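Please keep the sequence and the coordinates at hand while reading.

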Amino acid sequence: MRRAAVLLLALLLAGLAPLAQAEYGDVVINQRSDAEGVRPVVFPHWFHRIRFRCKVCHQELGFEMRAGANRVRMNDIVDGQFCGACHNNVVAWGPDRCDLCHSGLKGLSSGIQGGAQTSGPGRW
Ligand code: HEC
Ligand code: HEC
Ligand code: HEC
């Protein structure tokens, strides 16, 4: 009986996992990229939020908690602000690795891609 229950639970979880996964969208940042001739930025929110506390980015680094709300300039990043607080060749690879951030297809609009949200409020 217990073994059957465990098996059922395992099956349920296996069934649920892909569904949950679909919620974890990336955030495209394309306020200026297209216009300035580089690919839009794809920011994998989930990848970051399992590694850092929300307040690191949303309080200390000043990222507003709304897709498309932030005006990030490349100069700021090179100066160590926003993404550049970590992508500085110390905490993580640096701003010279253009393609790792500017990886979106031309024309993608700013906002959440591939899911309803990026596991924001009510999801973690
Ligand atoms: C750590 C991530 C990251 C890396 C690495 C990176 N960028 Fe950016 N870049 C951004 C973000 C975020 C923006 C803001 C995008 C937007 O709003 O369209 C941006 C914006 C830009 C813009 C738009 C104009 C401006 O001044 O903001 C240009 C041009 C640009 N980057 C060029 C580059 C080049 C060239 C490289 C490599 C030498 C590079 N970027 C590396 C994240 C990055
Ligand atoms: C490494 C930095 C970083 C961390 C850590 C981080 N975020 Fe974000 N978050 C961002 C950026 C960048 C955006 C996109 C902003 C934009 O599009 O202008 C964003 C967007 C969002 C959004 C709007 C998109 C959506 O899914 O609705 C929410 C909500 C959010 N974050 C919540 C959180 C929460 C909650 C945590 C902690 C569990 C967290 N963030 C951790 C950088 C971060
Ligand atoms: C609080 C620190 C922090 C901030 C802020 C941050 N990142 Fe990251 N990011 C990391 C770390 C750490 C890694 C993992 C580096 C590694 O694997 O060597 C990473 C990895 C990445 C990756 C690769 C993900 C993968 O699947 O390997 C991308 C793309 C990226 N960051 C883009 C950005 C962009 C764009 C921003 C700003 C909107 C940003 N990051 C802001 C710490 C940060």
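F82 lies in the loop between α4 and α5, where helices (H or I, at least four residues) and strands (E, at least two) are DSSP runs, numbered from the N terminus. This is a predicted model, in which local features need pLDDT of at least 70 and side-chain atom pairs count only at pLDDT 80 or more, while totals for chains, interfaces and linings use all residues. Residues are numbered from 1 along each chain as its sequence is written, and chains are lettered from A and ligands numbered from 1 in the order in which they are written.

F82 is not a glycine, yet its phi is positive, at about 50 degrees. N89 is also found in the loop between α4 and α5, and this non-glycine residue has a positive phi near 65 degrees. Are these two residues buried or exposed? A residue is buried if 20 or more other C-beta atoms lie within 10 Å of its own, exposed if 12 or fewer, and partly exposed in between, with C-beta atoms placed from the backbone. F82 counts as buried because it has 20 C-beta neighbours inside 10 Å. N89 has 10 such neighbours inside 10 Å and therefore counts as exposed.

In the protein chain as a whole there are 5 helices and 3 strands, arranged along the sequence in the pattern α-β-β-α-α-α-α-β. Of the 124 residues in the chain, 15% are buried. Two residues are in contact if their C-beta atoms, placed from the backbone, lie within 7 Å. Among contacts with a separation of 6 or more, 57% join residues 24 or more positions apart.

The strands can be followed from β1 (residues 26-29). Two strands pair if DSSP finds at least two bridges between them. β1 pairs with β2 (residues 41-43) in the antiparallel sense over 3 bridges, and β1 also pairs with β3 (residues 111-113) in the antiparallel sense over 3 bridges. V27 takes part on both sides: V27 stands opposite F43 in β2, and the bridge partner of V27 in β3 is I112. Both faces of β1 are covered, with D26 and V28 buried on one side and V27 and I29 buried on the other.

A nonpolar core is a set of buried Ala, Val, Leu, Ile, Met, Phe, Trp, Tyr and Cys residues joined through C-beta atoms within 7 Å. The largest one has 8 residues: V27, V28, I29, V41, F43, F82, C83 and C101. β1 and β2 each supply at least two residues of this core, and β1 gives the most, with 3 residues.

Ligand 3 has 20 residues around it, of which F43, C83, C86, A92 and C101 come nearest. At least two shell residues come from each of β2, α2 (45-49), α3 (54-60) and α5. Ala, Val, Leu, Ile, Met, Phe, Trp, Tyr, Cys and Pro count as nonpolar, Asp, Glu, Lys and Arg as charged, and the others, Gly among them, as polar. By class, this shell has 17 nonpolar, 2 polar and 1 charged residues.

Ligand 1 is surrounded by 22 residues, the closest being Q31, S33, M74, C98 and C101. α4 (74-78) and α5 (98-101) each supply at least two residues of the shell, which by class has 11 nonpolar, 6 polar and 5 charged residues.

Key
A residue is near a molecule or strand if its C-beta atom, placed from the backbone, lies within 6 Å of it.
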